[in-house]
Amino acid sequence: MNTAANVLETQMRKGGGQAAGSVTTDVANPANNPEKYADPSMTKMKALAWQGANNVQMVESLKPRIINDRDVIVRVTGTTVCGSDLHLYHGAVMQMQKDDILGHEFCGKVESVGADVKGLKPGDRVVASFQIACGECYYCKQKLSSQCEKTNSDELQNYLFGHRTAGVLGYSHLTGGFAGGQAEYVRMPFGDVNLLKIPDGVPDEKALYLSDVLATSYHCVVDTGVKKGDTVAIWGMGPIGLMAAYFCFQKGASRVIGIDNNWRLEWCQSKLPNLEILNYATIPSGSSVPTELRKMVDKGVDCALECAAGEYAKGIGHKIEMALGLENDTSEILNEMILSVKKFGSIGITGVYAGYTNHFNIGAVMELGIRIIGNGQAPVHKYWEELLHKIQTGEVDPTIMLSHRIDIEDVAKAYRIFDAKQEKMMKIYVQTQFSDPPAKGTPPLTRL
């Protein structure tokens, strides 16, 4: 699928890797063209690179250079692995290329700034937005930064979705082909828009997660419209699901039910004692998730939040269709949600869906007045200052999801462990040679 998508994109491409906002795209590894994209010093760096489906490796790349005048080069002090990185790992997202540097969440210190960058200087502590926004287009002016019109030149995405999303760090050429943050240095386009200064007193182990997971989970809850007194069910209790439950309770939800099939349910419940759980692996034969939820909540839940993803088929039919390329994503979770919400209930989709699905229960959606909300990639810029303030006041503590601290050398191993849901790995903090010692109350270093 990746090969075909890359060939098609090459034929469709207009603009030669230059997005409308004068940002150079498709620089997924500066070592691929060092004379053009690497720092003149040819400083070597460690980076996690995609080698093919289910194969990522730590490689020796080169420190990136400033290409456009609003670029900022960041020395990475903390990065992580996200559940959505696993979609790339599996080869489920189109237009991955060998040696693409992965990772879309990082924090660090400013190394150097382009000639037109304002408000940042070398040495500033910053956290990066996972999406790349220009700050000036129609969507950016509304703080809907994930839909920026000027940072992604991909023609295939435009064909598939009718529009392009913003460029995204380390997330395939479908979203611009930018080198990612699982590395020792990162080039951040429009750096003065996409880097938020970290104040003194906020450790990297908290600030890092403003990059994606906090904004994504908060947006899921806010955008779907969870309100005081609501009953909420959440499919997928990884870090996004955990923090979505956290924010549901903060919004006044009367009950929150987490749905998954492994140790993560009990792990989340240990962090949020009021969380109710439903393990679909132990449901009696002949029953289903909607049936069991209806036993727990009369008439169904007010809101259902999809924090899993569309690539994880349960039944043999969807597995075959996905293997044959007859659909990109399974509709099984969506159909469970449709049958689990009240009439005129709301469904929010935050887990990644990348294309088409079959056997979708559109009839129930129409007849029962169910609201389906595609939350989209969360607009980080809309929320990150608010969330930073909540961290500073203690209203939000991102470390409740933090299970491990590892070295960047071990990131490839972490992908395999995280994918297999082993060693109770929930959310990790990845240190580099530039990191400070662990902050008080956070996990010590574990070598994998």
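Figure 1. Over residues 4-9, pLDDT stays under 50. The model has twelve contacts beyond four places in sequence for these residues. This is a predicted model. For the protein chain as a whole, the mean pLDDT is 93. A pLDDT of 70 or more is reached by 95% of its residues.

**Figure 2. The largest nonpolar core and a second, separate one.** The largest nonpolar core has 78 residues. L214, I234, F247, L305 and Y415 have the most contacts inside it. Helix 8, residues 239-250, gives the most to this core: eight residues. A second core is separate and has 24 residues. Among them are V23, V74, F178 and F190.

Figure 3. Helix 15 spans residues 411-420. Its residues V411, A412, A414, Y415, I417 and F418 are buried. The cover over the buried residues of helix 15 includes strand 1, strand 2 and helix 3. It also includes strand 16 (402-407) and strand 17 (427-431). Which residues is Y415 in contact with, leaving aside its neighbours within four places in sequence? They are L48, V56, V81, D85, L86, Y89, L102 and Q182. Y415 is also one of the residues with the most contacts inside the largest nonpolar core. K421 follows helix 15 and has a positive phi, near 55°.

Figure 4. Strand 1 covers residues 44-52. Seven of its nine residues are buried, so the strand is mostly covered. Strand 2 covers residues 55-62 and runs antiparallel to strand 1. Eight bridges join the two strands. M45 stands opposite S61 in strand 2. Two residues lie between the strands of this hairpin. In the turn, N54 has a positive phi of about 60°.

**Figure 5. Strand 4 and its partners.** Strand 3, residues 72-79, pairs with strand 4 in the antiparallel sense. Seven bridges make up that pairing. I73 has S112 in strand 4 as its bridge partner. Strand 4 is also joined to strand 5, residues 125-128. Here there are three bridges, and the strands run antiparallel. C107 has V127 in strand 5 as its bridge partner.

**Figure 6. Two loop residues with positive phi.** Most residues other than glycine have a negative phi. Q95 has a positive phi, near 70°. Q95 lies in the loop between helix 3 (85-89) and strand 4 (106-113). Is Q95 buried or exposed? Its relative accessibility is 1%, so Q95 counts as buried. H359 also has a positive phi, near 60°. The loop that holds H359 runs between strand 14 (341-349) and helix 13 (362-368). H359 is exposed, because its relative accessible area is 53% and the cut-off for exposed is over 50%.

Figure 7. The strands follow the order 12-11-10-13-14-15. The pairing is parallel. Which strands stand at the edges? They are strand 12 (276-279) and strand 15 (371-374). Each has a single partner strand, so one side of each is left without a neighbour in the sheet. Neighbouring strands are turned by 20° against each other on average, direction ignored. Strand 10, residues 231-235, is joined to strand 11, residues 255-260, by five bridges. These two strands run parallel. W235 stands opposite I259 in strand 11. Helix 9, residues 264-271, lies across strand 11 and strand 12. The helix runs at about 180° to strand 12.

**Figure 8. Helix 7 packed against helix 14.** Two packed helices are described by the angle between their axes and the distance between the axes. Helix 7 has residues 213-224, and helix 14 has residues 380-393. The angle is about 105°, and the axes are 9 Å apart. Helix 7 and helix 14 are therefore roughly perpendicular to each other. From helix 7, the residues that meet helix 14 are L214, A215, Y218, H219 and V222. From helix 14 come V380, Y383, E386, L387, K390 and I391.

**Figure 9. E386 in helix 14.** E386 lies in helix 14. With 35% relative accessibility, E386 counts as partly exposed. E386 and G83 are 303 residues apart in sequence. In space they are 24 Å apart, C-alpha to C-alpha.

Terms used:
Residues are numbered from 1 along each chain as its sequence is written. This is a predicted model: local features need pLDDT of at least 70, side-chain atom pairs count only at pLDDT 80 or more; totals for chains, interfaces and linings use all residues. Side-chain values use heavy atoms; hydrogens and water are left out. A nonpolar core is a set of buried Ala, Val, Leu, Ile, Met, Phe, Trp, Tyr and Cys residues joined through side-chain atoms within 4.5 Å. Buried means under 20% relative accessible area, exposed over 50%, partly exposed in between (1.4 Å probe, protein chains only). Helices (H or I, at least four residues) and strands (E, at least two) are DSSP runs, numbered from the N terminus. Contact means heavy atoms within 4.5 Å. pLDDT is the predictor's confidence in each residue, from 0 to 100. Two strands pair if DSSP finds at least two bridges between them. Axes are lines fitted to C-alpha atoms, for helices over the stretch in contact, and angles run from 0 to 180 degrees between N-to-C directions. Angles under 35 degrees count as roughly parallel, over 145 as roughly antiparallel, 65 to 115 as roughly perpendicular and the rest as oblique.
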